[in-house]
Amino acid sequence: MSVLTFSAKVLRVSPDTSWRRRLLALCAVPLFSLRLGHVDDGADRAGSTTRTAYDWIAEGEGPGFGPGANGPFVLVADLHEATVPADRIGAELTAALRDTAGIAGFTPLAPSPDGRLLVSTVTPATGPQSAGTGSLFTTLTATTLPDALTGTGAEGYLTGSTAGQLDFRDTVKDRLPLIIAIVLAAALVLLTFVFRSVVVPLKAVALNLFTTAASYGVLVAVFQ
């Protein structure tokens with residue numbers, strides 16, 4: 001029996017693989033709950049110095065302690081183009097922070113020596129990797145600060161390691177669909193050139209996308 005004849009018989013008797021497609025689709029479902037971010041010291045090995053210090057700070061009570069103390073935000077209000085007095089801006093920001101859910105506490109807004117900035121340390125009620133901290137970051141940057149500073153000419157910003165990581169997370173999330181599209185398009189062009197066909201490359205790209213989604217879905221389901 002020739003190799004071609006054997007291959008043809010295998011193709012004719014190949015079993016139904018619809019259950020495999022359904023399994024891949026099921027595995028891919030958790031992907032839609034994927035949260036991007038950075039790993040902090042809370043993920044270090046139990047008993048290590050970094051993990052021990054992290055846990056003591058998170059479990060402590062009082063100013064400077066609590067889950068959010070491991071990743072506070074530094075709020076900076078730029079008054080260079082402000083059209084109202086700094087004390088009024090400080091009062092508006094203080095009231096806005098008090099009314100914002102998810103904040104465990106914040107220091108009084110302190111002016112810089114030249115009076116061009118107001119600075120405060122904002123402590124979230126949740127840890128750096130928590131979804132609640134990411135939601136608080138979004139609320140502060142998109143709603144709380146812009147609303148409090150409307151009509152004052154001042155601008156509000158968040159900085160610090162946690163804020164930088166969350167800002168990078170948002171940038172990656174916005175760019176990720178474009179990156180995936182470019183990779184798939186490049187694969188499609190390359191496979192089309194090699195096979196001189198459209199059907200085979202389209203199937204290959206679809207399968208690649210499907211299996212990758214299923215792989216990441218399993219990772220999200222197990223580790224997130």
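This is a predicted model: local features need pLDDT of at least 70, side-chain atom pairs count only at pLDDT 80 or more; totals for chains, interfaces and linings use all residues.
## The nonpolar patch and helix 6

Helix 6 covers residues 161-195 and gives the most to a nonpolar patch, with four residues. Helices here are DSSP runs of H or I with at least four residues, strands are E runs of at least two, and both are numbered from the N terminus. The patch sits on the surface and is formed by Leu176, Ile179, Ile180, Val183 and Leu209, with about 400 Å² of accessible area together. Of these, Val183 lies in helix 6.

Residues are numbered from 1 along each chain as its sequence is written, and side-chain values use heavy atoms, leaving out hydrogens and water.

The average pLDDT (the predictor's confidence in each residue, from 0 to 100) is 87 for the protein, and 92% of the residues score at least 70. Over residues 6-11, pLDDT stays under 50, and the model has two contacts for them beyond four places in sequence. A contact means heavy atoms within 4.5 Å.

Let's look at Ser120, in strand 4 (residues 117-124). Ser120 is buried, with a relative accessible area of 1%; buried means under 20%, exposed over 50% and partly exposed in between, using a 1.4 Å probe and protein chains only. The Ser120 side chain reaches the backbone oxygen of Thr107 at 2.6 Å.

Ile89 has its place in helix 4 (residues 86-98) and is buried too, at 0% relative accessible area. Ile89 and Ala154 are 65 residues apart in sequence, yet 8.0 Å apart in space, C-alpha to C-alpha.

Key:
Patches are made of residues with over 30% relative accessible area and no salt bridge: like charges are joined within 9 Å, nonpolar side chains (Val, Leu, Ile, Met, Phe, Trp, Tyr) within 5 Å. Accessible areas come from the Shrake-Rupley method with a 1.4 Å probe; for residues, only the protein chains shown count as cover. A salt bridge is a side-chain nitrogen of Lys or Arg within 4 Å of a carboxyl oxygen of Asp or Glu. A polar contact is a pair of N or O atoms within 3.5 Å; within protein, one must be able to donate a hydrogen and the other to accept it, and residues adjacent in sequence count only if both atoms are side-chain atoms.
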